[in-house]
Structures are given as C-alpha cells and as structure tokens.
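Biologist: Can you walk me through this chain? Keep it simple, please.
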Amino acid sequence: MFTARRRGAARLAVAMVASGLLAAGSIAVAGSAIADDATPTAPGATAKLDGLKIFGQAEIHENGKTEKVGAGLFEMSVDGGGTIRTYCIDLHNPTQNNAAYKEVSWDESSLHDNRDAGKINWILQNSYPQVNDLAALRKRAALSGPLTDKLAAAGTQVAIWRFSDKADVTAVDPVAEELADWLEENALDRKEPAASLVLDPPAVSGKAGDVLGPIKVHTNASTVQVSPAPGNPSGVKVTDKNGVVVTSAEDGDELYFDVAAGTPDGMTSLSAVANTKLPVGRAFTGANSTTQVQILAGSSDSSVSATATATWAAKGPIPAVSAQVNCAKGGLDVTAANEGDQPFTFELNGAPHTVEAGKSETVTVPVAEDQHYKVTITGPEGFEKTFEGVLDCQTAGNGGDTPSSSPSPATAGGSSEGAGDTGSTTGSDAAGSAATGSTTGGDLAETGSSSATPVIAGIAIALVVIGGGAVFLLRKKKAAPSAE
C-alpha cells in the first residue's frame, strides 16, 4: 500500500543473501578437490506465513483518497516447530500466500535507516499482545471504551505504520484510534533486540593440523545443541578453546574445528540448534519472494538454528566465502578470507580480485531494489560460487499515487468478522506490568492463540530480501544445494 508521509529518501536496495549454500561451486586447493557437502542454514528462525488472524479496520489517506484495509496481527508457523505473531512494517506491497520468511537484523530490512525503529520496538513491548491484560492496557492509555483483542491489534498496527512507513493512517474504530494515538505519543527509543541464534563468522578456513576458529555463539536461548555434519571426517572434531569436544554451548561461547594433521583436504560444517522464544522486535523478510516485511510481536517456544562451515588443506589458497545484504550501501557484501599460504584470485561482478594469504577482502556488489539478483564468483580450477535472492530495503514505493489493491491483509487472513474472536486474551500476569509499562510475556500460550503465530498486520506491502547473511564456502564443482 502507498503511504502519505514517506521517508525523506528512498531506502537503499538490498536485502539479504541467499539463505544457504546456493550454487555449485568448485575449488582446487593444492591440487586436491574439496567437496562441499555441507549446506549451512539461514541463522535464526524461518517460518511460513499463515495469514492475518486478529485484526480490525484502518484507513490509509493518500493524495486526497482514502482506502480501507485490515490492520492487525499475522500468524506464522516456524520451521521445525513453534509459532510467531508479527505486525507489518512495510505498507506498500501485498503479502504472498504461504510466503517463506526468515529472521534478519534491522540493517538487513526496511528498518535499516529508520530513526524511529526503536519507537516501534517500544510499542511492541508496551501493547498487545505483549501486554495481554486488555483492561489494564485500556486503563493505562485512558481509553474511552472497552478494548477487545481486534481493537488492540488494529490500534497497535496503526501506531506502528506511522513510524515504519510515515503513513497517514487512522483506525476506523474510535477506541482503536485512541490507542494508536496514545502509543504514538508515548513511544520511546528502544534498542534493537539481539538475534535468536547466530554463529560468527559463519565460515572459517585453515591448514590441516591447525585449530580453525573461533566461531562465537550469539543466542538468547539458555542452551544450544551443537553437532558436526553427518559424515564428518574422522580427523575433525568440534571443540572449545581448550580442545574439549563440544555437544552444547551457551551465549558467548567459542567453537572451533580441530583438524588433525594429515587429514585429507576437505570441508565440513557444524550445526547449532535450540528452542527459544524469539526476541520481540526482530524483523522478518521474505526468504524467496517479495512480500511485506514484518516485525515480531510474540512467540511460542520455537526452533532456531545456524550453521558454520570449515575448509582446510595442506597448502595453497584456502578460501572461505560468505555474503550478506548491506542495505546502507545498497548492495550485497561478499567476503573472501584466505587462510592459505598462496594468494586466492577470483572474479566478481566482472572485476578481478586477489586476496593475499592470511588476508580477507569484502566487495559490495550493487543490487537493484525489488529485483532478483544472481551474483557469481569465479576463480581458477573451475571455482564458482553463486548467491541468489530478491532484494528489498525500502518501504516507500517509487512513484505510485494510490495504494496497492492486491491482495490486502484482510484477504490474506480471511474475514474480519470474528477474526479476533479466536484470539482473545486474558493473562492475569499482565495486569500489574501493564500499568508500569513492562512487558508481560507475549508467547502464544499467554495470548490464547493456538498453533498460530500472528505476523504483521496490515496492508499490502512487500519487502523482501532473500537469504540473510548466509555462508558460502568454496567447493568442487558439483550439484548445487538449494538456497533455502
């Protein structure tokens, strides 16, 4: 949908890198083939859109015209188990039915240059469904009438749109409009929440006989289960800094690949998996299509995962390649690190690059907004690595003067009549904290939803970015794994 008040400048293009090892790659290291059988996953949570579930009505005012739309909470089913609820932060494009989404940082989404992003996070923390005692929320906001879940969702979404899209938007119901006004007027800046699970860096390399790493674990889960890839070479172990084999880790821990001397040139990976409530305020973008960007409002215990890859050889160039969307620069950052003893030369975007032994280089490849991109790195001995995705870092359309008509959130989620009846909330735990402005949980059990995960409310929009910060390692040319 189109908004009336839009950002001063259109957002720079680019949205995340393809989520997994995308293309066939090949690499010859010291004359020996390195088979790349590991397929890293996008870090954090991935989910499928179930639709707009709890919502009321809002009106977008643009160029003397008014368009009525559904405004409220979407639901998503998390891959591997769990559900999440989100609101829309991208008013200009429609949602895609059953669209795949992935968790990303604000820098990899339409929030990358939004000075009000922290206020959106405050709204999420201080309104429905995080504050699920609606009587307490009504009292705190001094509303003139009873507050239902549909009205609370609509008012919250409207307030968010005013910050995410600079939209001239109002709630149809007077009580929902009062809530939106109160949230907008009282919103404070709150910092971006940390990722649910990230391994940094997602790719390492080095010589056989060395310890490769460290790879730092960043997570909000209490414990992360760590395991090597199936078929992991017998000479390679996943350890801590003391050389002790690791099967679990916590936030801040460091992981290493201990590669025994004499291990044949090759590569492997490790997987980290956990169940946790996702941090409220995390952004979700389309994983393989352009669909409206959303922001997390509540989560059940959900599955999250991340992968890191290691490449080793006895001699020669030993590169590790990764890529990540850079919305601020309007492109895809491709990083090649070389832990070998010879230079690694590759061609990217039509230009040659050489990374000396022990060095790394990051090249930003410009990418067009809202367009599918395919960036390929080629090198000697048939080396090839490709990253694909659909980039979208903007909320504002680049010209249209009317809101998009297809499809609105209401059509994606069903009829607004009774839509919120299945998601009413009680939650006595919220009563006291609502009065003080603290959060009250917000997982799906507390908000009374069944297996759904409310996702963004609202209008048609679409901001996507495919794959966020995935790792891509060099590999001997062979069948390429899927981007997802």
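Modeller: Here is a short tour, by question and answer. Keep in mind that this is a predicted model.

Biologist: Now the inside. How many residues does the largest nonpolar core have?
Modeller: The largest nonpolar core has 49 residues. Tyr87, Leu147, Trp161 and Leu179 have the most contacts inside it. Helix α3, residues 149-164, gives the largest share of this core, with nine residues.

Biologist: What other core is there?
Modeller: A second, separate core has 38 residues. Ala45, Leu49, Val217 and Leu270 are among them.

Biologist: Switching to strands. Is β19 enclosed or open?
Modeller: Strand β19 covers residues 319-326, and seven of its eight residues are buried, so the strand is largely enclosed by the rest of the structure.

Biologist: Which strand is β19 joined to?
Modeller: Eight bridges join β19 to strand β20, residues 331-338. The two strands run antiparallel. Ala323 has Val334 in β20 as its bridge partner. Pro319 stands opposite Asn338 in β20.

Biologist: What sits between those two strands?
Modeller: β19 and β20 form a hairpin with four residues between the strands. In this hairpin, Gly330 takes a positive phi near 70°.

Biologist: Is β20 covered or open?
Modeller: β20 is mostly covered, with six of its eight residues buried. Eight bridges also join β20 to strand β23, residues 359-366. That pair runs antiparallel. Ala336 has Glu361 in β23 as its bridge partner.

Biologist: How many disulfides does a search of the whole structure find?
Modeller: The search finds one disulfide. Cys327 is joined to Cys393, with an S to S distance of 2.0 Å. The two cysteines are 66 residues apart, so to speak of where they sit: Cys327 is in the loop between β19 and β20, and Cys393 is in the loop between β25 and α5.

Biologist: Remind me, what is a disulfide?
Modeller: It is a covalent bond between the sulfur atoms of two cysteines.

Biologist: Why is this disulfide called left-handed?
Modeller: The torsion about the S-S bond of Cys327 and Cys393 is about -65°, so the disulfide is left-handed.

Biologist: Are Cys327 and Cys393 buried or exposed?
Modeller: Both Cys327 and Cys393 are buried. Cys88 is buried too, with a relative accessible area of 0%.

Biologist: You mentioned β25. In what order do the strands of its open sheet come?
Modeller: Four strands form that open sheet, in the order β22-β21-β24-β25. The pairing is antiparallel.

Biologist: Which strands stand at the edges?
Modeller: β22, residues 351-355, and β25 stand at the edges. Each has a single partner strand, so one side of each is left without a neighbour in the sheet. The twist averages 25° from one strand to the next.

Biologist: How many bridges join β24 to β25?
Modeller: Seven bridges join β24, residues 372-378, to β25. Tyr373 stands opposite Gly389 in β25.

Biologist: Last topic, the backbone. Where are the cis peptide bonds you have?
Modeller: One joins Tyr128 and Pro129, with omega about 5°. Pro129 lies in the loop between α1 and α2. Another runs from Gly213 to Pro214, with omega near 0°. Pro214 lies in strand β10.

Biologist: Why point those out?
Modeller: Most peptide bonds are trans, and most residues other than glycine have a negative phi.

Biologist: So which residues have a positive phi without being glycine?
Modeller: Asn63 is one of them, with a phi of about 50°. Asn63 lies in the loop between β3 and β4. Ala142 also has a positive phi, near 55°. Ala142 is found in the loop between α2 and α3.

Biologist: Is Ala142 buried or exposed?
Modeller: Ala142 is exposed, with a relative accessible area of 64%.

Methods
Residues numbered from 1 in each chain as written. Predicted model: local features only at pLDDT ≥ 70, side-chain atom pairs only at ≥ 80, totals over all residues. Heavy atoms only, no water. Buried < 20%, exposed > 50% of the residue type's maximum accessible area, 1.4 Å probe, protein only. Pairing = 2+ DSSP bridges. Disulfide = S-S within 2.5 Å. Core = buried A, V, L, I, M, F, W, Y, C linked by side-chain atoms within 4.5 Å. Axes fitted to C-alpha atoms, helices over the stretch in contact; angles between N-to-C directions.
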